[in-house]
Amino acid sequence: MVYDLPHNITLPQQESAQIHRWITRKGACPAYAEQPVIIPGSMGTPSYLVVGKGNPAFLWSASHGAGRLRSRFELSRRGAGYSEETLGLTGVDCITLREERRIEEAPVAYKPIQPVIEAQVKAEMVSVVARLRPILTFKA
Ligand SMILES: Nc1nc2c(ncn2[C@@H]2O[C@H](COP(=O)(O)O)[C@@H](O)[C@H]2O)c(=O)[nH]1
Ligand SMILES: [Mn+2]
């Protein structure tokens, strides 16, 4: 399956014949009822295939991923001095022409994905279809 779901985008929203709005999602993605959504973890942790529940309380949206624990700035300044183990990169296969990207987006940069998914299931934003284990990651 090839899947492309933007997480920084403004999309039209037809709420009724009269009400026509625009929704800007920054760091979030559309999760309309029955819509397939991929919520990525990191290159070293699982990602989730979920299905949207179209919850209006969350503007028909879901999270775009686990979210960051450490900034790109911190990892670009100090990450090259951290060990592969500290970065969470032991045993992770990543192909990239930009080594700095591998470090800025190392697993240690992100929150644990499991509680992020559980919170969204509890809030009735999405339901889980499958947990996906990364085998190989390509980074531009
Ligand atoms: N499956 C993967 N998920 C990843 C990877 N790097 C980051 N992420 C997740 O995506 C979002 C967005 O990343 P950002 O750095 O552009 O903010 C992030 O919250 C992570 O959960 C990856 O290599 N593979
Ligand atoms: Mn991003």
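Q: What makes the meeting of the side chains of Glu105 and Lys139 a salt bridge?
A: The N to O distance between these side chains is 2.5 Å. A salt bridge is defined as a side-chain nitrogen of Lys or Arg within 4 Å of a carboxyl oxygen of Asp or Glu, and the pair of Glu105 and Lys139 therefore qualifies. This is a predicted model, in which local features need pLDDT of at least 70, side-chain atom pairs count only at pLDDT 80 or more, and totals for chains, interfaces and linings use all residues; side-chain values use heavy atoms, with hydrogens and water left out. Residues are numbered from 1 along each chain as its sequence is written, while chains are lettered from A and ligands numbered from 1 in the order in which they are written.

Q: Why is the pair of Glu105 and Lys139 said to tie together parts that are apart in sequence?
A: Glu105 lies in the loop between α3 and α4 and Lys139 in strand β9 (residues 137-139), so the parts that they join are 34 residues apart in sequence. Elements are DSSP runs numbered from the N terminus: helices are H or I with at least four residues, strands E with at least two.

Q: What makes Lys139 and Glu105 buried?
A: Buried means under 20% relative accessible area, exposed over 50% and partly exposed in between, with a 1.4 Å probe and protein chains only. Lys139 is at 18% and Glu105 at 13%, so both count as buried.

Q: What makes a network out of the salt bridges around Glu105?
A: The bridges share partners, and in this way Arg72, Arg101, Glu104, Glu105 and Lys139 are joined into one network. A search of the whole structure finds nine salt bridges. In general, side chains of opposite charge can pair when their charged atoms come close.

Q: Why is the pairing of Glu84 with Arg102 called a link between distant parts of the chain?
A: The closest N and O atoms of Glu84 and Arg102 are 2.9 Å apart. Glu84 sits in helix α2 (residues 84-87) and Arg102 in helix α3, 18 residues apart. Glu84 is partly exposed at 37% relative accessibility, whereas Arg102 is buried at 13%.

Q: How do you know how many disulfides the structure has?
A: A disulfide needs a pair of cysteine sulfur atoms within 2.5 Å, and a search of the whole structure finds zero. Cys29 is buried at 2% relative accessibility, and Cys94 is buried at 16%.

Q: What makes the largest nonpolar core a core, and which residues touch the most other members?
A: A nonpolar core is a set of buried Ala, Val, Leu, Ile, Met, Phe, Trp, Tyr and Cys residues joined through side-chain atoms within 4.5 Å. The largest such set has 23 residues, of which Ile39 and Leu87 touch the most other members. Two or more residues come from each of β4 (36-39), β5 (47-52) and α4 (113-122). Beyond four places in sequence, Leu87 touches Leu75, Gly79, Tyr82, Ile103, Ala106, Pro107 and Val108, a contact being heavy atoms within 4.5 Å.

Q: Why is Ser61 called buried, and what lies around this residue?
A: Its relative accessible area is 9%, so Ser61 falls under the cut-off for buried. Ser61 is found in strand β6 (residues 61-63). Outside four places in sequence, Ser61 is in contact with Arg25, Cys29, Pro30, Ala31 and Met125.

Q: What makes the approach of His64 to Gly27 a polar contact?
A: A polar atom of the His64 side chain lies 3.0 Å from the backbone oxygen of Gly27. The definition asks for N or O atoms within 3.5 Å; within protein, one must be able to donate a hydrogen and the other to accept it, and residues adjacent in sequence count only if both atoms are side-chain atoms. His64, in the loop between β6 and α1, is partly exposed at 29%.
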